[in-house]
Amino acid sequence: MIRPRFLWAAALMLGAGAATAADWKADQDAGWKAYKEGRIEEAEALLKSAEKAAREFGAADPRLAVTLDHLAWVYCAEGRCDEAEPLAREALAIREKALPGDAAAMADSLNTLAAVYDEAGKPALAKPLYVRCLAAAEKADGAESAGVAAALDNLAAVDHALGDAAEAESLYKRALAVREKVAGADSADLSATLHNLGLLYIDQKKYADAEPLLKRALAINEKARGADHPEVAAALETLGWLYAVQGKPAEAEPLLKKALALYEADLGAEHAHVARAAGELGRVCLERGHQDEAESCCKQAVAILEKSAGDPRELAEALDDYAAVLRKAGREADAAKLEARAAGLRKPAE
Amino acid sequence: MPPPLSASIVRRSMTGVAALSATVAVAVAAQAVATSPYVYGYGPQGLGYYLVPTAPAAVAAPAAVAAPAAPAAPRLTVPSQPSRATSGGSVGPGARNWATGNRVPSHRPWLRSRS
């Protein structure tokens, strides 16, 4: 089968000729509209055409920065962060030279390059850019704005990933306060910040602080997105996980069961989130003495992860969970085999 | 339905219009074959869940579910499989935080363009 991308490229090549400002604008606007509407492949073709036109305006032209910045987002949506990075860096360099006083343009580019590093799993490189982005966003949008809240949330998330819990907590709280003021206390915009701050408290074993935040995130998601939305599954899973880590399996089990069923319906039976929820439920069922159900869940998690190209440590942990179930059932030899396989999977990652 | 085409592409490449329209229609139809209504990945609304266009559940929600108060979930068509980071991979915001031991990843809807 011919890949649609090649057909787009072939069609665009037919239109060779001198680019005009109108050509650039038409492709730039249509490409960004396609991206915003989730038509990623079409967005890539149009923005590449816009890039070609913009390069004819000169290497320092701010229009080139706009297109490169947007094309970087398209590549990220396609999982091509390595290709997005040079584009985002070039866009930022153009704006630093051509528009240093334009806080909004600088915030756009700083946010893009930071996000590219963030998505590539490089939070240490993302952090200083998010710090600069926050300052530019405060200048461009005002201290209490949705743009500033987003910058605070992103900076908090990288601080969380880097292990700076105190800084992350302070930033999440600031983001929450801004969002409550800007969007209202029941806005769906609050749910991610509530979830992330709840997770931070779980990491710190501040379970009493985490619980009201996670319950509030669940209520907001159910009301704003509908009871069957995968965000609701994620909120149920996190609340279930909170109870599980506190040794409250009876409270965790119904939440994790509901989360698992929703993930299966929303994402398909083979999704990594299904495996994760099944693994958590397996642990909880084992703790409750529900041997058959625990085995079934652990088997499900292992089967999904064996087929996926994901992190081998996830499969190793699922195998260990399964081994614990078998050991409790007195199947020592089978459990030992699984544990040996898990140890082999962990070696290359360590 | 094929998406609207850029004015400049139409002007500079009239002969490609039919092929382009058909191509996008094929891409959307291929995704509609998937049985699950949502995908998880990066898109215009950050890292999160997106409706797959024309998936059955996206067209007809169960009657027992109250209509969402928020705007409909954003839709996404991507030309490639979701990246490893969003499907159980080892790096990035969609991956597990092994440093803390927490199994649930952070939510990152704000990993999106400011434009």
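Predicted model: local features only at pLDDT ≥ 70, side-chain atom pairs only at ≥ 80, totals over all residues.
The crossing of α4(A) past α5(A) is left-handed.

## Residues at the helix contact

On the α4(A) side, the contact residues are A:P62, A:L64, A:A65, A:L68, A:D69, A:L71, A:A72, A:Y75 and A:C76. They meet residues of α5(A), including A:C81, A:L87, A:I94 and A:R95. A:E83 and A:E90 of α5(A) also take part. The contact of α4(A) with α5(A) holds 15 nonpolar and four charged residues, with no polar ones.

## Domains of chain A

Chain A is divided into three stretches: domain 1 (49-141), domain 2 (150-226) and domain 3 (229-350). Between domain 1 and domain 2 of chain A, the C-alpha centres lie 26 Å apart. Domain 1 of chain A gives 11 residues to their contact, and domain 2 of chain A gives seven.

## The domain 1 side

Which helices each supply at least two residues of the side of domain 1 of chain A that touches domain 2 of chain A? They are α6 (103-119) and α7 (123-141) of chain A. Of the helices, α7(A) gives the most to this side, with nine residues. By type, the residues on this side of domain 1 of chain A are nine nonpolar, no polar and two charged.

How values were computed
Residues numbered from 1 in each chain as written. Chains lettered and ligands numbered in written order. Left-handed = near helix turned anticlockwise from the far one by under 90°. Helix = DSSP H or I, 4+ residues; strand = E, 2+ residues; numbered from the N terminus. Contact = placed C-beta atoms within 7 Å. Nonpolar A, V, L, I, M, F, W, Y, C, P; charged D, E, K, R; others polar. Domains from an automatic or database assignment.
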